[in-house]
Amino acid sequence: MKIPLIYNLRSLRQRPVATITTALGMALVVAVFIAMMALSNGFRAALARTGSTENVIMLRKGANQEMNSGLSREAARIAAGMPFVATGSDGQPLVSPETYVVVPLQRANAGGLANVVARGVSQRAFEVRKDVEIVQGRPFRSGAREVVVGTKFVERFENSGVGDTVRFGGADWTIVGHFSAGGSSFESEIWGENEQFMPVFRGQIFQSITFRMRDPTAYEGVREMLEGDSRLNVDAFREREFYVNQSTLLSQVLSFIAIFIAGIMAVGAVFGAINTMYAAVAARAPEIGVLLTLGFKRRNVLASFLVEAVMIAAIGGVIGGLLALPINGLVTSTTNWNTFSEIAFAFWVTPELLVAGLIFAVVMGVLGGFFPAWKAARQNVVDSLREA
Amino acid sequence: MKFARLVWANLFRNKRRTVLTALSVAVAFFLFGTLRSVLTTLDAAARVGSEARLVTSSASGITFVLPEAHAQRLAAQEGVKSVSWANWFGGYYQDPNDFFAQFAIKADTYLRMYPEIVIPSEERDAFLRERTAAIAGVGLMERYGWQVGQTVTLRGTIFQGDWEFVIRSTYVPENPSFGDETFFFHYEYLYERTNGGISPGWFVLELDDPSQAAAVASRIDAQFENSTAPTKTETERAWQTGFITMWGNVGFLVRAIGTAVFFAILLVAANTMIMAIRERVHEVAVMKTLGFQNGTLVGIVLAESLLITLLGGAVGLLGARLAFAGDNPMNSFFPGFGVEWSTIALGLGIAALLGLVSGAVPAWQSARLSVVQALRRVV
């Protein structure tokens with residue numbers, strides 16, 4: 001026969017201070033765990049949303065990132081003429097040869113300099129990348145020293161409103177619009193016209209060429225054709241995969257740090273739970289004696305105390321989740337080591353993460369409650385009753 | 001002090017509880033020691049950059065180069081003793097994900113300016129004589145099992161193709177924070193193989209009088225301001241700090257986590273002390289009856305909690321120091337990673353604070369304890 005849960009609930013209320021301090025200790029561990037994982041999640045999500053699976057990006061062979069790459073106008077022309085490149089409503093190929101540079105700009109609130117990606121795109125870039133949308137102002141005009149900036153850039157840099165000017169590459173650029181890009185890392189970038197960026201930066205070379213495929217399922221064939229073309233000398237990737245790969249190293253490191261820190265903190269919290277539960281068992285020795293006399297089995301007593309520990313932990317898990325929840329959506333930034341440029345992203349607390357935090361708490365509860373519960377179950381009835 | 005034995009005996013009244021509490025404190029301070037060492041190591045890394053040397057780089061940003069012709073104009077500047085330059089190579093050895101830094105350096109002047117790169121003079125000469133020679137840090141030599149005299153092939157990501165180098169020397173950094181996993185080779189080699197398609201990434205300047213650094217830097221930038229390649233000149237330390245701040249707000253993260261850890265353990269320790277005092281309500285009442293002053297009782301409780309947290313703190317902090325002494329995996333991320341004594345001192349200070357705060361509630365309770373009430377309660 002099971003010992004009713006209400007017994008545990010009432011017992012917890014009997015010792016409010018011990019229950020609350022133990023639960024809060026666990027709550028802090030869970031909160032740190034969730035917060036760190038949300039950081040890692042957010043970073044990965046920002047890059048995982050960057051680019052499209054329907055697009056292909058080409059870089060010079062061996063240049064595993066845009067910054068290192070260099071492609072000629074000739075290559076861009078050849079790529080645009082390929083039969084597998086999708087065409088827009090006007091029959092022109094949807095291809096964007098792009099320049100890619102990193103420029104130092106002043107952060108808002110006197111935060112020092114940060115490296116920002118300045119991407120020179122073709123007018124077609126907004127069609128090639130469906131997610132990109134002007135949310136304020138207008139697109140840049142061809143032939144003008146105008147740029148549009150991502151929404152995450154706007155939050156973090158000085159003078160980034162529509163109509164303001166930014167200075168980089170030895171020239172002043174008028175910001176004519178803000179764009180969103182579905183939460184992707186493009187939102188941390190500045191976009192201008194490639195033909196305007198070329199002369200002030202690296203001369204007549206592009207860093208990457210991105211195009212939409214006519215038939216996205218034919219990707220493997222497309223890749224082989226491009227990489228096999230001796231005129232091009234390129235590596236081709238699905239755009240989405242290319243950006244995801246740039247995030248793996250850092251997001252792995254962040255997840256590792258989250259688990260390392262939360263793991264160590266958890267050990268401390270489990271010790272605390274063990275203390276609390278031992279104290280609970282010791283204080284209730286006569287009660288346990290009575291329970292055993294009434295005919296409850298030892299395994300019922302064990303289960304009951306274990307449940308009590310898990311209850312404390314679950315309270316902690318819920319509070320921890322609540323503590324961590326407000327950071328959801330908070331924008332922070334880090335340097336992506338692969339590109340030496342700053343990427344802004346939002347902490348992302350997912351429902352799965354909250355569940356994981358709760359499970360984490362329950363595991364701490366089971367670990368912390370087991371030995372005390374074991375001790376309770378093995379009590380000698382006569383001795384424990386004598387204490388009363 | 002005459003109550004030391006009483007405090008000591010109380011500590012062993014419930015050994016399991018004392019040990020568990022001390023251990024949870026120890027674990028927390030292990031974490032504290034590790035986290036703070038990340039900060040101190042980054043700090044030390046920022047200080048590796050010399051304040052006596054200046055670095056001139058392109059005002060347009062880190063991906064831009066400067067014309068080699070700048071070198072002569074820089075050398076002609078008043079207060080500049082010598083000029084060298086370097087560029088970033090960005091290659092890899094076998095595994096593209098296995099990162100280490102490679103610099104193409106203007107060798108003769110560069111090595112003279114960097115006493116941090118400690119190499120035997122005959123190896124230095126051998127390196128200088130050979131166009132394709134390279135110097136690798138001891139850490140890097142170990143990582144790939146390289147030997148001096150061996151030919152190694154790096155694959156370039158910025159500069160295409162396979163590049164062969166003969167390792168002619170290995171250096172031990174003068175200061176561990178300098179890092180021992182860097183690869184240096186001749187700028188001329190890069191220049192020739194790219195058919196002159198390369199230019200210095202940055203210039204390093206040695207000064208006659210380091211105290212004039214700021215003035216020299218602003219004179220240089222003013223001179224190049226309206227040239228085709230404007231410059232940004234700063235002390236090497238400031239330049240390197242710029243790279244380190246790119247890690248993001250590590251300080252904030254560490255402080256936030258540290259605070260959470262502190263409060264989590266505060267709760268554990270306070271809970272334990274409250275339990276410990278609750279158990280001996282009678283004893284405290286009896287002591288009061290015997291004439292013990294409130295102050296003494298408070299002192300005894302605080303001493304006990306202090307002892308637990310200080311003991312736990314010491315174990316955790318020294319444990320961290322031992323764990324990160326010598327070779328450890330953190331070294332690849334943070335060259336010279338280790339727990340400084342200042343971290344241990346700070347940690348012990350925090351442990352003491354933790355002890356006082358967690359003992360405060362039970363100490364207050366025992367001071368306020370009503371003797372009659374306590375003794376009336378059934379044993």
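Colleague: Is the crossing of helix 8 and helix 10 of chain A left-handed or right-handed?
Modeller: Right-handed, meaning the near helix is turned clockwise from the far one by less than a right angle. Helices here are DSSP runs of H or I with at least four residues, numbered from the N terminus. Bear in mind that this is a predicted model, where local features need pLDDT of at least 70, side-chain atom pairs count only at 80 or more, and totals for chains, interfaces and linings use all residues. Residues are numbered from 1 along each chain as its sequence is written, with chains lettered from A and ligands numbered from 1 in the order in which they are written.

Colleague: Thanks! Which residues make the contact between those two helices?
Modeller: Helix 8 of chain A brings A:Ala273, A:Met277 and A:Val281, and helix 10 of chain A brings A:Phe305, A:Ala309, A:Ile312 and A:Ala313. Contact means C-beta atoms, placed from the backbone, within 7 Å.

Colleague: New topic: how many residues of chain A are in contact with chain B?
Modeller: 40 residues of chain A, meeting 38 residues of chain B. Helix 8 of chain A gives the largest share of the chain A side, 13 residues.

Colleague: And what does A:Val29 touch?
Modeller: Leaving out residues up to four places away in sequence, A:Val29 touches A:Ala262, A:Met265, A:Ala266, A:Ala269, A:Gly320 and B:Ala264.
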